[in-house]
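Have a look at the structure first, then go through the points below.

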Amino acid sequence: MSKKLKKRIRRVAMGAAVYFAAVLLSHLVPGMNGYISLVLFLAAYLVIGGDVVKNAVMNIGHGQVFDENFLMMIATVGAFFVGDYPEAVAVMLFYQVGECFQSFAVNKSRKSIAALMDIRPDSANVIRNGETAEVAPEEVEIGERILIKPGERIPLDGVVLKGSSSLDTMALTGESIPRDVETGDGVISGCVNLSGVLEVEVSKNFGESTVAKILDLVENASSKKSEAEHFITKFARYYTPIVVGCAVLLAVIPPLAAGGGWQVWIYRALSFLVISCPCALVISIPLSFFGGLGGAGKSGILIKGSNYLEALADAEMVVMDKTGTLTKGTFSVNKLVPAEGIKEEELLEKAAYAESYSNHPISRSLEEAYLTRGKGIDAARVGSVEELAGHGVCAVLDGKNIYAGNDKLMRKQGLEPENVEEIGTVVHVAEDGAYLGYIVIADEVKTDAKEAVDGFKAAGMKKIVMLTGDRKRTADYVAAKLGVPEVYSELLPGDKVDLVERLIAAKSEKGKLIFVGDGINDAPVLARADIGVAMGGLGSDAAIEAADVVIMTDEPSKIVRAIQISKKTLGIVKQNIVFAIGVKVLVLLLAALGMASMWAAVFADVGVAVIAILNAMRAMR
Amino acid sequence: MRKTYILEDLDCAHCAGEIEAAVGKLAGVTSSTVTFLTQKLVVEVEDAKADKITKEIKKVVKKFEPDVEVVEK
């Protein structure tokens, strides 16, 4: 609790005591002089609402007529004139209590938001001239070495030179399982070093590092306002003058028309003034969005603006790239099919050796599969290697010719390989004219890809589409496995844009199209979609720049989560708008008819604001 | 150029909106955003006016919220 708020609460409590004493006294002494009673209540009033009166008077000087303080003052002073001393003080008391609650709630939500953004590193231990010095992260230059002890936050992006450890990436990815790093691995600022001491060579200065980019993004997210926020701003601009205008009319017209009864109508008009602040909405709507953005951030979903959070709830089409989004984008050996009399080991060994000089992902995956079986490549065994473009390779291993490649290569050797129906890339292997078998290498489907597709279906997406530049057979296979209803394959990058354009033209007016890609070579499509989502943002600047929403992990199911958060947030926003406006209009009507006291009016003002704020804070969870 | 200010002790959300609108109307300011929750004011201002704008912003803020302290970041 802030000092200012504490002081305010103490003063209001003191005033409340004076108020109750005055009430008690006027009951115990029935014939009390009216002036004494007025003085007592005035004293209570000034203790409780002195600051409101002071602000109001100062604001008149600035020409701020529709200021909340001013309106409260008019309403309560008016009540004094009408002769309702106790009520005038009570209304001010109630208003102040409500304001304190409101400040408390706002402070609390400010704190939780600050906690969400608490990934900024305070300092870096830089090694200069053999000594470590603690400096601000901004002062460290690229190429310098920093030391990160267990428990410290990694201040800058870099590469591990010495040591191994596990990192807590929770604040960035929402992932609770620590990530292991060792010499040669890249580390990302904002993560917390858990176990070992790391010596890291800095690869980016602070302004360019991941943590600075994320903080910048989060801090600016709230300045891209949603339609709901624009609506509230507009509403607030007209609401107060209209209600104040109505109050004036209410005070003047009925008594003139019907004659007399000034007191009654002025009292009702004063109630109007109390309800004329739109605070409940002005605070709670942006707070809901902020909470939603923060809640998403906690699960490793960065949303670049309230407008995108709002748009996610209206999504009706989701278009996904295959490679890197639904599949891992890394190749691995899926199946070994040796010919008769050949061992799996032997087949893999020959293929791995033959391909050992190539850096192609397919070759790498062969070597990796061989290494994971505990074998190493002994380069001395390999003689000359010849790459046969469009066919494969021919390598001399232990003096024998090994051929590894597609079926065309096999036929060239006079062999008739099996017709393989498998999905993926097939590598046939032959040795000196003898067929050894084939290996299937395929991109792996992500473990949560099916969950994501099912989630989209459950979220009521009208269209779920998968795009890929890959072969039709592979694409159809992946789509069938995941249950994606619509597939477009063998597309060039330009085709993807055209296709997304066509889909956008086909959607309903209010509906939105989400495009999900890995952010590496689909920037034009990300930009064209209503909401561009990039996967695997951690460490990829391109993804962070190009997209509207960045998923920090590799999990496509997080997009479903983002839609859920969006729907929940929008639900809270709608509840607050309907509730606040509803209660205000209802109390205005009742007050005009003389059926609501000024008490009800205060509730419609601060009471509603507090309830709306408490409701808005749910969006954070 | 872009300037960021912290509005310390900004308590009134309604005033935040009014400050945003009033700062937006200052000569040389092309955009103005107040975020009530982070107590931040971000303005885009023409380079030529950048030096004087802080003073003018302080004046505007004082008018709406005398208690708020404007700190340039």
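In this predicted model, the largest pocket has a volume of about 940 Å³. Among its 38 lining residues, A:Lys4, A:Arg8, A:Ser103, B:Asp9 and B:Asp11 sit closest to the centre.

**Who lines the largest pocket**
- From chain A, helices H1 (3-28), H2 (34-61), H3 (68-82), H4 (85-116) and H9 (279-298) each put in two or more residues, and so does helix H1 (13-24) of chain B.
- H4(A) is the top contributor, with 10 residues.
- By type, the lining splits into 16 charged, 14 nonpolar and eight polar residues.

**Cavities**
- The count of cavities of 30 Å³ or more comes to two.
- The second largest cavity has a volume of about 40 Å³.
- Its lining is made up of A:Glu68, A:Leu71, A:Met72, A:Tyr95, A:Leu273, A:Val274, A:Ser276, A:Cys277 and A:Asp605.
- H3 and helix H8 (262-275) of chain A each give two or more residues to that lining, and H3(A) gives the most, with three.
- Six of the lining residues are nonpolar, two are charged and one is polar.

- A:Phe94, A:Val97, A:Phe101, A:Trp599, A:Phe603 and A:Ile611 form a nonpolar surface patch of about 520 Å².
- H4 and helix H20 (598-616) of chain A each bring at least two residues to the patch.

Technical notes:
Residues are numbered from 1 along each chain as its sequence is written. Chains are lettered from A and ligands numbered from 1 in the order in which they are written. This is a predicted model: local features need pLDDT of at least 70, side-chain atom pairs count only at pLDDT 80 or more; totals for chains, interfaces and linings use all residues. Side-chain values use heavy atoms; hydrogens and water are left out. On a 1 Å grid over the protein atoms alone, a cavity is a set of points where a 1.4 Å probe fits but cannot get out, and a pocket is an open set with protein on both sides within 12 Å along at least five of seven lines; lining residues have an atom within 4 Å of a point. Grid points are joined across faces, edges and corners, and a volume is the space filled by probe spheres set on the points. Helices (H or I, at least four residues) and strands (E, at least two) are DSSP runs, numbered from the N terminus. Ala, Val, Leu, Ile, Met, Phe, Trp, Tyr, Cys and Pro count as nonpolar, Asp, Glu, Lys and Arg as charged, and the others, Gly among them, as polar. Patches are made of residues with over 30% relative accessible area and no salt bridge: like charges are joined within 9 Å, nonpolar side chains (Val, Leu, Ile, Met, Phe, Trp, Tyr) within 5 Å. Accessible areas come from the Shrake-Rupley method with a 1.4 Å probe; for residues, only the protein chains shown count as cover. A salt bridge is a side-chain nitrogen of Lys or Arg within 4 Å of a carboxyl oxygen of Asp or Glu.
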